[in-house]
Amino acid sequence: MTSQEASTEPANFTHQIRVGWGDCDPAQIAYTGRLPWFALEAIDAWWEHVLGGDGWFQMELDRGTGTPFVHMSIDFRSPVTPRHRLICEVWPCKLGGNSIAFRVNARQDGKLCFEGKFVCVFIAPETFTTKPAPPDIRDIVTPLLRPE
């Protein structure tokens, strides 16, 4: 692709995380339980980015849509340490009738540390029952879908 050609791929969204000493175990690497936390923080930042500042808190309380997780899987590739910022690339990879799936690839100093898939369902918070993806969210997410 030349610099004059338009890309049909959506821009990559990345979220930067400062890994601190308190995130680490005695082996001086990030405690395993922190890695899903980092991924979920990055997904929430993605929502804030695409919804003009509204993350999970506002989605549930102000928009009437919860998104609890029904699946998480992470493959570990390299240890995460406090030496470098953790750069989490986030993108939606599937939008179902009442669910959404995300991919998160996390790198430090250019090296892949972990990659994961995270699936949530859309719910009505007051009844905790599934509901269809809201049309406004569907309109925002659909053009941003990328393959896994």
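F114 is in contact (heavy atoms within 4.5 Å) with L35, A39, I74, D75, F76, R77, V80, L86, V104, N105 and A106, when neighbours within four places in sequence are left aside. The model is predicted, so local features are reported at a pLDDT of at least 70 and side-chain atom pairs at 80 or more, while totals for chains, interfaces and linings use all residues. Residues are numbered from 1 along each chain as its sequence is written, and side-chain values use heavy atoms, without hydrogens or water.

Buried means under 20% relative accessible area, exposed over 50%, and partly exposed in between, for a 1.4 Å probe and protein chains only. This core has 34 residues, and W47, V80, L86 and F114 touch the most other members. Two or more residues each come from β1 (13–17), α1 (34–50), β3 (86–95), β4 (99–108), β5 (111–121) and α3 (135–141). The greatest contribution is that of α1, with 10 residues. Helices (H or I, at least four residues) and strands (E, at least two) are DSSP runs, numbered from the N terminus.

The strands form an open, antiparallel sheet of five members in the order β1-β3-β4-β5-β2. Because β1 and β2 stand at the edges with a single partner strand each, one side of each has no neighbour in the sheet. From one strand to the next, the twist averages 20 degrees. Two strands pair if DSSP finds at least two bridges between them. β4 and β5 pair over 10 bridges in the antiparallel sense, and β2 (residues 69–76) pairs with β5, also antiparallel, over seven bridges. Within these pairings, A106 stands opposite F114, K117 is the bridge partner of R103, and S73 also stands opposite K117. The hairpin of β4 and β5 has two residues between the strands, and D109 there takes a positive phi near 50 degrees. Because eight of its 11 residues are buried, β5 is largely enclosed by the rest of the structure. The helix α1 lies across β1, β2, β3, β4 and β5 and runs at about 130 degrees to β1; axes are lines fitted to C-alpha atoms, for helices over the stretch in contact, and angles run from 0 to 180 degrees between N-to-C directions.

Strand β4 contains Q108, a buried residue with a relative accessible area of 5%. Its side chain reaches the backbone oxygen of H84 at 2.6 Å. Not counting residues up to four places away in sequence, Q108 touches V19, P79, V80, T81, H84, R85, L86 and C113.

The structure holds four aromatic pairs, defined by rings of Phe, Tyr and Trp (its six-membered ring) whose centres lie within 6.5 Å; planes under 30 degrees apart count as stacked, over 60 as edge-to-face and the rest as tilted. Two of the pairs are listed here.

| Pair | Centre to centre | Angle between planes | Arrangement |
|---|---|---|---|
| W46 and W47 | 5.1 Å | 75 degrees | edge-to-face |
| W56 and F69 | 5.7 Å | 90 degrees | edge-to-face |

W56 lies in helix α2 (residues 56–61) and F69 in strand β2, so this pair ties together parts that are 13 residues apart in sequence. W56 is partly exposed at 21% relative accessible area, and F69 is partly exposed at 24%. In the other listed pair, W46 is buried at 3% and W47 is buried at 0%. W46, W47 and F102 form one aromatic cluster.

Note on methods: Core = buried A, V, L, I, M, F, W, Y, C linked by side-chain atoms within 4.5 Å. Polar contact = N/O pair within 3.5 Å; in protein donor to acceptor, adjacent residues only side chain to side chain.
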